Amino acid sequence: MDRFLRHFKQPFTSVWISLGFVIGCISTVFYYQTHEFTVITISVLIASAYFKPFLNVLLGFILAICCIVVHFYLFYSYTLPNDENNYAYPATIIVDDVISAKQPQYIKATLLKLNGDEIHKFKAPKAMLSVDSAQLIKQGDTFEATIALKKFRTIKNIGVFDNNVHAFKQRILFKGKVLNKQLRITSAASPSIIYKYRSFLKHTYQKTTLNWLYYALLSGDKSLMSFENKQTMQSLGLSHLLAISGLHIGLIFSCFYLLSKYTAYILKIKVLQSINLTIVYCFIGWLAAFIYVYLSEFLLSATRAFIMLSCVLGLYFIAKQPLRWRSILYALVAVLLINPFNVLNPGLYFSFIAVAIIFIVIKHLPKTKYSWLSVFIALCIIQLALFIGLLPITLIYFSGVSIAGLVINLLAIPLLSVAIMPLLLLFTIISAVVDITPAILLFDSVLITLFKYMDAIPWHYRWLDIAKPRTLYLVAAYLCILIAWFSPFKRLALIPLCVTLIDYLYLPKPLWQLHVFDVGHGLMTLLEKDNQALVYDFGPSYFNRFSRTYSVLIPYLKTHNLTVSDAIISHQDNDHAGGAAHFINAGFGESFKRFHPYGITTQCISLDYNFNGLRISSFADSTFNNENDNSCVLLIKSHQLTMLLTGDISKARELSLIKTHSLQADVILSPHHGSDTSSSTEFINHVNPHTVIHSTAFQGQWQFPSEKVVSRYKAINAKQYVTARDGQITVSIYQDGFKVTTARKHESYWFIED
């Protein structure tokens, strides 16, 4: 113990090692096997050779690499016993979550036994499984079945939500299908404490209008929230209140700390003078916070906050008045030691940066006499500092910022801290004994009134859409802030500003771009020029509820702050038109009027028009007896390049087109996804493309593109790209040529097998 105390009296060794560990985790996870990682590593080595403290940074850097390697091979590198995709495995499965309760059910499950091999639950892999059986399964059920498994792999697009990374963070390594129609549920687990607690919450607040809010605050589960609820909270800048984080953990700790303190005071409990009551009160608050985190199923954000609380308390009672920033750093190291891949989670940066900002601001606030005015001024300063400090990372992850949140949080955070959270805890505890529904409904009615006033704020005052900045700008922004705040040489902050300015002014910018999104079997493309967009096809929809329009197209438009001027549907097949209705529901109905003046279920019309300097020609035909051959074909011309978008036309329509039009193009979207019914030799020779893009599904049932088609394009030395293999494909046109970028090469990580 004495050695431990001496260690903290000379803290700088541990600080430098901790800094090296954090740098090593971020560098290795994001940049391993890249030039950036080589540059960072060499820089640390050179610095450690000339500056003694950097030897400890180097040690921390090496420890981080070792930690990541061990963690990856222990928890993320499980391989299937057989590489064949159609191989069936006997397995024992426990259901972690039911994603869709409708038949066929879709579940997240842990594989406890696979192909006869038992797997320890601590390192057992997870899988997303489709279940089409006679019995409905529920969370916690365990059953034996035969399953077809393959590595988890889904679509890959640039700048939108990445399901591959999301699955990796949850240790979902596989996806597949349960083959049994009849299941033997060997142990339907009795309801857990967490399940009973959440059922109790639903029952207690079921008659309230804002039950989704109370349930999320008390459990961390957002399943009761609708998409509209989430959008409203984000636009008002209140989304952070729904994530169990430092604010919530701090409130739980404070509530039970004060409760235990005043209970001891009222009851006049006598204890020995040798007992430090502050430690007792803190332990009760800490224990309450742990129970809260447990009931939230150890959500990552809640666990981070709890670790930070534990570090602060531990350092306080061991080292006595430690520097606050050290407790933040040690808490960050603890979180990364538990799982270094936590650096993939945006919440990590939001929570630690926010806490650091609050600590710094509080430390520099002027010491004044306590008054309501001084408290209000302090809250305003903290809120403004949080807004500025979190702005760069907010723009990176949300492509916009809540303007209203700057003011609303001045009311919402104190209200949550002083009234909402304490009252919800009180209602929940009392409801376990007696029914207090009238009091809960009264509380709910007050909050509804307040919520309606906030919801009445016009959208343009709530949220400001801003195109997603490059990561370089994020790093430069934080370097400027850190140098300006901590360094005695304030002018050095101009260096990252100058680097950013040079990059912005001299980095070549494309004149226009064509994006072919990865949507599985289907087609979705977007033509982009001068912040204007033309959409050609919308990919598939599933069960009339889900579509790539919602998950890919609209997020991309928002991320890049694009205005849609026109939209075209090549033909009515679901894999091309499935998401069109969802696009209209999202408010883009006017964009169809130019090419579909008689409605989206009718064919496009033939016309020529100017799209911001690009010549767009559409070719319509209704003489064929099938939807595919009646596809709307689009020719896009500029001074630099010509592109041809072909829908699902077959060889018959191809021959008809080349007889009546000149269709030479540098880039072509292969007809019918590369089917052998299309891309005739005559058509290929006429178009004579330099680059061919096939929009197909990975290991799809039709196995597009056909080997014969690939060979025919290869015969003219055309370079070929496939969305199934490459992910989203973007063609960027510059003054002196064009460049093709693929998502799996542009945004892939070493730990995810593409």
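pLDDT is the predictor's confidence in each residue, from 0 to 100. In this predicted model the protein chain averages a pLDDT of 90, and 96% of the residues score at least 70. Local features are described where pLDDT is at least 70, side-chain atom pairs count at pLDDT 80 or more, and totals for chains, interfaces and linings use all residues. Residues are numbered from 1 along each chain as its sequence is written, and side-chain values use heavy atoms, with hydrogens and water left out.

View 1. Where pLDDT is low, the predicted coordinates should not be read in detail.

**View 2. Packing of helix H14 against helix H18.** Helices (H or I, at least four residues) and strands (E, at least two) are DSSP runs, numbered from the N terminus. Two packed helices are described by the angle between their axes and the distance between the axes; axes are lines fitted to C-alpha atoms, for helices over the stretch in contact, and angles run from 0 to 180 degrees between N-to-C directions. Helix H14 (residues 372–398) and helix H18 (residues 471–486) have axes 10 Å apart and pack at an angle of about 170°. H14 and H18 are therefore roughly antiparallel to each other, given that angles under 35 degrees count as roughly parallel, over 145 as roughly antiparallel, 65 to 115 as roughly perpendicular and the rest as oblique. From H14, the contact is made by Gly 389, Leu 390, Pro 392, Ile 393 and Ile 396, and from H18 by Thr 471, Leu 474, Ala 477 and Tyr 478. By class, this contact of H14 with H18 has seven nonpolar, two polar and no charged residues, where Ala, Val, Leu, Ile, Met, Phe, Trp, Tyr, Cys and Pro count as nonpolar, Asp, Glu, Lys and Arg as charged, and the others, Gly among them, as polar.

**View 3. Packing of H14 against helix H15.** The axes of H14 and helix H15 (residues 405–431) lie 10 Å apart, and the two helices pack at an angle of about 130°, which makes H14 oblique to H15. Their crossing is right-handed; a crossing is left-handed if the near helix is turned anticlockwise from the far one by less than a right angle, and right-handed if clockwise. Leu 379, Cys 380, Gln 383, Leu 384 and Phe 387 of H14 meet Gly 405, Leu 406, Asn 409, Leu 410, Ile 413 and Pro 414 of H15. The residues of the contact of H14 with H15 divide into eight nonpolar, three polar and no charged.

**View 4. The crossing of helices H6 and H7.** Helix H6 (residues 193–204) and helix H7 (residues 211–219) cross at roughly 155°, and their axes come within 10 Å, which makes H6 roughly antiparallel to H7. The crossing of H6 and H7 is right-handed. H6 contributes Tyr 197, Arg 198, Leu 201 and Lys 202 to the contact, while H7 contributes Tyr 215, Leu 218 and Ser 219. By class, the contact of H6 with H7 has four nonpolar, one polar and two charged residues.

**View 5. Strand S1 with its partners S2 and S5.** Two strands pair if DSSP finds at least two bridges between them. S1 and S2 pair in the antiparallel sense over eight bridges, and a hairpin joins S1 to S2 through four residues; the bridge partner of Val 98 is Ile 107 in S2. S1 also pairs in the antiparallel sense with strand S5 (residues 141–151) over seven bridges, and Tyr 89 has Ile 147 in S5 as its bridge partner. In the loop between strand S1 (88–100) and strand S2 (105–114) is Pro 104, which a cis peptide bond joins to Gln 103, with omega about -10°.

**View 6. An open sheet of seven strands.** The strands are in the order S16-S17-S18-S19-S20-S21-S22, and the pairing is mixed. Strand S16 (607–611) and strand S22 (719–722) stand at the edges with a single partner strand each, so one side of each is left without a neighbour in the sheet. Strand S17 (residues 614–619) and strand S18 (residues 633–637) run antiparallel and are joined by five bridges, with Lys 637 in S18 as the bridge partner of Arg 615.

Terms used. Contact means heavy atoms within 4.5 Å.
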